[in-house]
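Please look at the sequence and the model first.

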Amino acid sequence: MTYRLHCFSQSGNAFKVAMALDLMGQPWEPVFVDFFAGETRRAEWREAVNAMGEAPVLEDGPLMLSQSGVILDHLARKHGRFGGESEAERREVLRWILFDNHKFTSYLATFRFLKCFMPKEPDPAVMGWLKGRMDAALAIAEKELAGRDFIAGPALTIADLSMAGYLFYPAEEHGYDWAASHPAIARWLARIAAMPGWRGPYECLPGARIAPLR
Ligand SMILES: N[C@@H](CCC(=O)N[C@@H](CS)C(=O)NCC(=O)O)C(=O)O
């Protein structure tokens, strides 16, 4: 069975799921979501694909799954990969995925979107505030990863894929040179990228790459 992933190349949330499928060796095909043409805001798309108006959505046969954390958990359980080995590890995985969705991806993705893809010049006060929140969340990850190889335990889990999703985009998009500013994060990203089957976001997701506006 081939999974169908509704996605587009700029979506780090979709990239989290694409990475999981690739690293699990699962066949999948992309279904392009024309996000920048407003597809996720259309009533028909919300009716047919996701009432929350968000990518990614994973089709697993009759199942239509949304929220990258739910999709990652579904895949980890179904294929017995990257979900943590014990109850304690599984709790850690969930803990970091929740942290990622609230404090990590949320600020990074919003900052990058306003910087790169928003035609209107963003408010510098908003960007400064987002940068502060991003730096605080990154400092937490940097401290944790200085002491171990993966974020939720001794081995790669879906929590790593969730946290790392947006960090794999080019420096010109998010503005960080990881090796210079966050060396433990840089080493962790290299560890993930060395996993068999790994591809970058602009290699595996559909839709033209857009040059950052600023
Ligand atoms: N928590 C969600 C976030 C999904 C999300 O924000 N997706 C973006 C694209 S990366 C989106 O479709 N946003 C539409 C919108 O906010 O209107 C997840 O992890 O899947």
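## Cysteines

The sulfur of Cys204 lies 7.8 Å from the closest cysteine sulfur, in Cys7, which is too far for a bond; a disulfide is a pair of cysteine sulfur atoms within 2.5 Å. By this rule the disulfide count is zero. Cys7 is buried, at a relative accessible area of 0%, and Cys204 is buried as well, at 7%. Buried means under 20% relative accessible area, exposed over 50%, and partly exposed in between, with a 1.4 Å probe and protein chains only.

## Basis of the model

The model is predicted: local features need pLDDT of at least 70, and side-chain atom pairs count only at pLDDT 80 or more, while totals for chains, interfaces and linings use all residues. Residues are numbered from 1 along each chain as its sequence is written, and side-chain values use heavy atoms, with hydrogens and water left out.

## The sheet

Four strands form an open sheet in the order E2-E1-E3-E4, with mixed pairing. Strands E2 (28-32) and E4 (63-66) are the edges, each pairing on one side only. Strands (E, at least two residues) and helices (H or I, at least four) are DSSP runs, numbered from the N terminus; two strands pair if DSSP finds at least two bridges between them.

Strand E1 (residues 3-7) and strand E3 (residues 57-60) run antiparallel and are joined by three bridges. Arg4 has Glu59 in E3 as its bridge partner.

## Helices on the sheet

Helix H1 (residues 12-23) lies across E1, E2 and E3, at about 155° to E1. Helix H3 (residues 68-79) packs on the sheet and touches E1, E3 and E4, its direction making about 125° with that of E4. Contact means heavy atoms within 4.5 Å; axes are lines fitted to C-alpha atoms, for helices over the stretch in contact, and angles run from 0 to 180 degrees between N-to-C directions.
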